[in-house]
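My entries follow in the order in which I made them.

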Amino acid sequence: MNSNITPIKNPSSKLGMWLSAILIVLLVGSVYISQLIFQEIAESFNIDHVYASRVFSLSCFFYAISFFIYGPLSDRVATKFLVLFGSIGTIVCLILSVQVQSFNLYLIIMSLIGFFAASVPSALFAYTAKNTPNDKLAQAMGLMISASIIGIIFSRSIVAIMTDKSSWQYAFVVYAAFIILASVFVPMGIKSNASNHSGIRITETYLLAGKLLLNKQVNIFLLVGFILFFVYLGLSSFLTIYLKGAPFYLSSTTLGWLNFAGMSAVIGAVITGKLSQKISIQKLLPLYLFCVMAAVIIIGFSTHLLLIALGIFALFFFVFGIQPIVISMLNQIVPVSSRGAISSLYLLSCLAGGSIGSYILGILYAKLNWDGLIFTCIILAMMNIALALLGIKLTRAKEN
């Protein structure tokens with residue numbers, strides 16, 4: 001897709017580049033703001049804390065679906081409109097969320113945040129995928145993913161710390177104020193390129209994207225992303241609850257600071273982009289997936305907080321290191337004209353995996369406790385290694 005936002009390549013101004021980065025941080029982050037404060041939300045609505053995790057599951061699910069909706073639209077709709085549409089919608093939802101008394105209504109509002117927030121990052125991923133040559137693709141996607149990662153880490157940490165000092169309602173209003181401040185500069189900071197209709201109807205664009213699912217290699221690597229995020233986001237959601245209980249009893253502030261170990265994801269994405277210039281991504285993928293499994297084991301069975309922090313560091317590092325690898329492999333399987341669509345499909349697959357993982361692992365956590373959740377994640381991680389090896393084997397066979 002040819003998005004109208006171009007901060008990654010030849011930005012029209014320093015203001016545009018910095019504003020685009022800030023918007024990505026804030027809008028991506030808005031989907032994750034509830035992940036460290038399930039217990040505080042549960043107390044406000046007088047519900048079980050495991051049930052409160054559905055806030056993130058639904059928000060993430062709508063965020064995932066919206067990625068695929070916005071992808072084709074980015075060729076047809078003005079950039080400023082998409083940015084302001086997403087920003088204003090997210091601001092309104094954040095403010096409404098602190099007013100409602102019904103948890104079901106709260107779930108609807110938080111789901112809408114996922115829908116509105118997806119507009120800017122979906123356009124940027126599509127643009128980068130279509131306008132980057134193969135030999136630079138992994139590195140470019142690594143940079144894009146790094147911007148999103150900062151949003152995830154920043155939002156969860158700052159909201160957790162503010163919640164501990166005041167309340168989650170106060171934290172949400174302050175976060176909305178951050179987005180308002182950034183949005184003020186959109187008219188002067190975001191430049192729009194000409195739309196590219198290419199003579200194709202928007203319905204045909206969606207149909208062409210759907211046809212990509214007929215490719216066996218595509219399906220395998222989409223499933224790798226789905227399982228990866230099923231484990232990563234599912235485990236991350238209930239790690240919060242686990243660490244707030246015995247024997248750790250961590251506060252939201254401490255969890256917020258511990259969450260900064262996830263900044264390793266930025267390092268992982270950037271390093272992987274550079275490594276891919278020297279080492280075959282087909283060799284890196286199984287190695288990184290094995291390291292994800294090792295990180296799950298460390299987090300799951302460690303009794304020392306330092307080791308758990310190391311596990312979190314490794315989990316984020318390798319999960320987000322895998323992203324540019326798989327996106328690069330997918331984009332080399334499909335035609336150049338489908339790169340925007342396949343990137344949107346992959347992000348949809350990952351985020352859907354995270355949403356479903358948070359929901360299903362919540363059921364397992366309630367019935368089998370922490371150990372049952374960890375064993376499930378380990379088995380899935382092992383399956384993912386086998387799946388990736390199969391995909392690589394098919395790719396090599398086709399190349400030969």
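**Entry 1: H5 and H6.** I began with helix handedness and found that H5 passes H6 in a left-handed crossing. I call a crossing left-handed if the near helix is turned anticlockwise from the far one by less than a right angle, and right-handed if clockwise. Helices here (H or I, at least four residues) and strands (E, at least two) are DSSP runs, numbered from the N terminus.

I noted the conditions before going on. This is a predicted model, in which local features need pLDDT of at least 70 and side-chain atom pairs count only at pLDDT 80 or more, while totals for chains, interfaces and linings use all residues. Residues are numbered from 1 along each chain as its sequence is written, and side-chain values use heavy atoms, with hydrogens and water left out.

Back to the pair. H5 and H6 (residues 103-117) pack at an angle of about 165 degrees, and their axes are 8 Å apart. H5 is therefore roughly antiparallel to H6. The axes are lines fitted to C-alpha atoms, for helices over the stretch in contact, and the angles run from 0 to 180 degrees between N-to-C directions. Under 35 degrees counts as roughly parallel, over 145 as roughly antiparallel, 65 to 115 as roughly perpendicular and the rest as oblique.

I listed the contact (heavy atoms within 4.5 Å). From H5 come Phe-85, Gly-86, Gly-89, Thr-90, Cys-93, Leu-94, Leu-96 and Ser-97, and they meet Tyr-106, Ile-109, Met-110, Leu-112, Ile-113, Phe-115, Phe-116 and Ala-117 of H6. By class I get 12 nonpolar, four polar and no charged residues for H5 with H6. In this scheme Ala, Val, Leu, Ile, Met, Phe, Trp, Tyr, Cys and Pro count as nonpolar, Asp, Glu, Lys and Arg as charged, and the others, Gly among them, as polar.

**Entry 2: H5 and H9.** I then took helix H5 (residues 79-97) against helix H9 (residues 168-183): the angle is about 160 degrees and the axes are 9 Å apart. H5 is therefore roughly antiparallel to H9. The crossing of H5 and H9 is left-handed. On the H5 side I see Leu-84, Ser-87, Thr-90, Ile-91, Leu-94, Ile-95 and Ser-97, and on the H9 side Trp-168, Phe-172, Tyr-175, Ala-176, Ile-179, Ile-180 and Ser-183. The classes for H5 with H9 are 10 nonpolar, four polar and no charged.

**Entry 3: H14 and H16.** For helix H14 (residues 264-275) and helix H16 (residues 305-333) I read an angle of about 35 degrees, with the axes 7 Å apart. H14 passes H16 in a right-handed crossing. The H14 residues in the contact are Ser-264, Ala-265, Ile-267, Gly-268, Ala-269, Ile-271 and Thr-272, facing Ile-312, Phe-313, Phe-316, Phe-317, Phe-320, Gly-321, Pro-324 and Ile-325 of H16.

**Entry 4: salt bridge.** How many salt bridges does the rule give? The rule asks for a side-chain nitrogen of Lys or Arg within 4 Å of a carboxyl oxygen of Asp or Glu, and the count is one. The side chains are those of Glu-40 and Lys-244, at 3.0 Å from N to O. This pair links distant parts of the chain, 204 residues apart: Glu-40 sits in helix H2 (residues 38-45) and Lys-244 in helix H12 (residues 216-244). Are Glu-40 and Lys-244 buried or exposed? Both are buried, where buried means under 20% relative accessible area, exposed over 50% and partly exposed in between (1.4 Å probe, protein chains only).

**Entry 5: backbone.** Most residues other than glycine have a negative phi, and most peptide bonds are trans. I logged the exceptions that I looked up. Asn-46 has a positive phi near 55 degrees and is found in the loop between H2 and helix H3 (49-52). Asn-46 is exposed, at 72% relative accessible area. Its C-alpha lies 9.0 Å from that of Phe-103, 57 residues away along the chain. Asn-369 also has a positive phi, near 65 degrees, and lies in helix H17 (residues 339-399). A cis peptide bond, with omega about 0 degrees, joins Ala-246 and Pro-247. Pro-247 is in the loop between H12 and helix H13 (252-258).

**Entry 6: whole chain.** The protein chain has 17 helices and zero strands. Of its 400 residues, 60% count as buried.
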